[in-house]
Amino acid sequence: MALFAVGLLFFAVLLTYPRLPSLNALTDYRPKIPLRVYTADQVLIGEFGEERRAFVPIAQVPAVMKQALLAAEDERFYTHGGVDYVGVVRAMLGNVLSGQSQSGASTITMQVARNFYLTNEKTFTRKFNEALLSFKIEHNLSKDQILELYINQIYLGQRAYGFAAAAQTYFGKPLSQLSIAEAAMLAGLPKAPSKYNPVANPKRATLRQHYVLRRMHELKFIDGAQYQAALKEPLKVRQSAGIQYTVHAEYLAEMVRQAMYERYKDAAYTQGFKVYTTLDSQQQTAAYGALRKGLQVYDNRHGYRGPEGYIDATLLQQGKEDLLVDALEGSEDAGEFKLAVVNEASSKQVSAVLKNGEVIRIDSDGLRAVRFALSDKASPTTRIRAGALIRVREGDKGWQITQLPQVEGAFVALDPSNGAIRALVGGFDFNRNHFNHVTQAWRQPGSSFKPFVYSAAIERGVTPATMVNDAPLVIDPQDIGGQRWEPKNYDGRYAGMMSVRDALTRSKNLVSIRLLQSIGPKYAQQHITRFGFPANKHPAYLTMALGAGSVTPLQLAEGYAVFANTGYRVLPYFIDRIESDRGELLARMEPEVAGKNAKRTLDARNAFVMTSMMQDVVRRGTAAKAKVLGRHDLAGKTGTTNDAIDAWFAGYNPDVVAVVWMGFDQPRSLGGSETGGAAALPIWIDFMSVALNGKPERQQPVPDGLIVRSTETEGGALNEYFYAEFPETNPELGLGSGGAAAQPLEEIKDQLF
């Protein structure tokens, strides 16, 4: 009978072995590796793919991780031939004694066979095929090759495949930095990733970890002191299911994802492409923090609106934790703005529960902004009471009640020499609103568009010293394509005759309109295309002088880059290069560079004169707050649209151009006292304080063809600049003591144009 059984088994092996699948999937292993996006200085900012996976060669796997795996899964891995007969016998005895199937004695090789080729069904046929396939694998691959496949392929929960991905997912660190305790925790996962998941089941995960540590000690992989230290080591397991990035660049990472999908389709998510962007991690962090701070400061100026909602306060009682979780479904933390549920509230103190179950108390300064909402006189929709959903933020003085801003914003910074985007923040919070305001928000630029109109006037012969009348004006309907128009200055005041330089510095609307009248809207419309603005977005009417067209923040930054780089058109770009999962270069951007291969679209003299005037905007005009940076090479222009619906600041030096926008997605006024200088400029200042820190001042040299005239003013010597080919503006031609500076625009425009 025994001989018959042996013969039958031998026949089954002969019949089955030739039919086993090819090992191509193992010998030519091509795991599904997600798309990864990095900053220029190699900081990970995004990952896209169904599986979180990072291939790591066996030579780079630390010994402690290998030892933990062998202790947990297959201690005789390096001595058996694919099936561990000692383990099989021990498992059978254990199952008989317990009266149920508790262990299958699967070796690491058998698990590789199952993961690549078989199912998890518990049948004799599957186990038989698994054993035969294990023999075949052992015959064709080395032990290290098998272990490498196992370490990179196995599923470990939280969408993490392989131990390198699991180390990042659970502990936020690479395999090489894992402690003994952390390695043991991960080694316990293959047995049952959901059952021993340290995020979902920390108690079970700890029990499993302790078992792995005990086996490591018994196998003499670690000594007694290491064993005891590992048992006591507190583990900091990431509670979020998603990857937490040290640099917030979600909007640009999404731009990369879209670009890669357009190029590679679905393969973009599985082939392990590495995309290195143009972002500077330090500048990106500064931009993210500056924009969020600026939007919150604005929001605080306009008062507390009340809780986000209310839930049944009885759900906070012990034993109703699951119901509380269900009630908070869809409400998430937004970075440092934590969601909390109030369980007790008085005028002096608020007690609240965070989503992770932590109870916090807010008092004194933390309640300052919301005291009216704690009053009995507060309306039911604004009162903070038990069950209220609030936002809290931890600061230097403890917790404080705050709120998520309703207002939105955008920030973009680029290198004017080649268009490389160094920082981009498309809104307050990507998880709340995927709409990228930097690239998708078409808004009126307001006065931030005036420099382009002034540039057109300079090109036609106007100088910074030309005098223009800042006086009331009534515009005929046919000149603006609409109704009768009586434009006004922002402050409602008129200064009379003033220089073009002074008018831009003080952002005088009436002067801008008169300049546009003189050169003609059609000419200005053609001129602005030199900066990348499409003519159809800026109708050739006098309203163009006040920025009534439409731009995106990225377009505005591109336009200002022409001034910053002395007249060259450079196209913004955000991908520097694309590499394969093995580091092979697949594509590299070759940008056009100012002064080399970029097209000159603006006379260098024009760019210099406009920069000179916009530097005055920073020194003594609407952007004078920027003097806090203590630099003399900054230029820019504030922008506030009609009824303060949009607030802008666009500014630069020769090294960086940065644009800030603030407004509501559904356009409405930001408030009567809100301007580009009040709302947007502080954000720009916060960013520039980081971006330019340690960088020397740089002034562009005076280009050929400009005549420089120095005059004494109350504020000191003032250099003024004139095109040499316009004789009316040349002080040597005897136009009187003031030259063109003493002539009004109306008297010289016939000569100039």
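The side chains of arginine 577 and glutamate 579 meet in a salt bridge, 3.0 Å from N to O. A salt bridge here is a side-chain nitrogen of Lys or Arg within 4 Å of a carboxyl oxygen of Asp or Glu. Arginine 577 and glutamate 579 are both buried. Buried means under 20% relative accessible area, exposed over 50%, and partly exposed in between (1.4 Å probe, protein chains only).

This is a predicted model, in which local features need pLDDT of at least 70 and side-chain atom pairs count only at pLDDT 80 or more, while totals for chains, interfaces and linings use all residues. Residues are numbered from 1 along each chain as its sequence is written, and side-chain values use heavy atoms, with hydrogens and water left out.

**Overall build**

The protein chain has 23 helices and 24 strands. Helices (H or I, at least four residues) and strands (E, at least two) are DSSP runs, numbered from the N terminus. Of the 753 residues in the protein chain, 53% are buried. Contact means heavy atoms within 4.5 Å. Among contacts in the protein chain with a separation of 6 or more, 69% join residues 24 or more positions apart.

**Salt bridges**

Side chains of opposite charge can pair when their charged atoms come close. A search of the whole structure finds 41 salt bridges. Three of them are tabulated.

| Pair | Closest N and O atoms |
|---|---|
| Glutamate 336 and arginine 393 | 3.5 Å |
| Aspartate 365 and lysine 397 | 3.7 Å |

Glutamate 336 forms a salt bridge with arginine 393. Glutamate 336 lies in the loop between α14 (321-327) and β7 (338-345), and arginine 393 in strand β10 (residues 388-395), so the pair ties together parts 57 residues apart in sequence. Glutamate 336 is partly exposed at 29% relative accessibility. Arginine 393 is partly exposed at 24%.

Aspartate 365 pairs with lysine 397 in a salt bridge. Aspartate 365 sits in the loop between β9 (359-363) and β10, and lysine 397 in the loop between β10 and β11 (398-402), so this pair ties together parts 32 residues apart in sequence. Aspartate 365 is partly exposed at 33% relative accessibility. Lysine 397 is exposed, at 72%.

A network of salt bridges links Arg501, Asp502, Arg506, Asp616, Arg619, Arg620 and Glu720.

**Helix α12**

Helix α12 (residues 250-264) has 15 residues and should span 21 Å at 1.5 Å a residue; its end C-alpha atoms are 21 Å apart, which agrees. The expected span is 1.5 Å times one less than the number of residues. Its buried residues are Tyr251, Leu252, Ala253, Glu254, Met255, Val256 and Met260. The buried residues of α12 pack against β1 (35-38), β2 (44-48), β5 (274-277), β13 (421-425), α15 (437-440) and β17 (575-579). Just after α12, lysine 265 takes a positive phi of about 55 degrees.

**Helices α3 and α10**

The axes of α3 (residues 63-73) and α10 (residues 202-218) come within 8 Å and cross at roughly 100 degrees. Axes are lines fitted to C-alpha atoms, for helices over the stretch in contact, with angles from 0 to 180 degrees between N-to-C directions. The two helices, α3 and α10, are therefore roughly perpendicular, a label for angles of 65 to 115 degrees. On α3, Val64, Gln67, Ala68, Ala71, Ala72 and Glu73 meet Arg208, Val212, Arg215 and Met216 of α10.

**Tyrosine 78**

Tyrosine 78 is found in the loop between α3 and α4 (85-98). Its relative accessible area is 41%, so tyrosine 78 is partly exposed. Leaving aside neighbours within four places in sequence, tyrosine 78 contacts Leu70, Lys143, Asp144 and Leu147. The C-alpha atoms of tyrosine 78 and leucine 147 are separated by 9.8 Å, with the two 69 residues apart along the chain.

Note on methods:
Angles under 35 degrees count as roughly parallel, over 145 as roughly antiparallel, 65 to 115 as roughly perpendicular and the rest as oblique.
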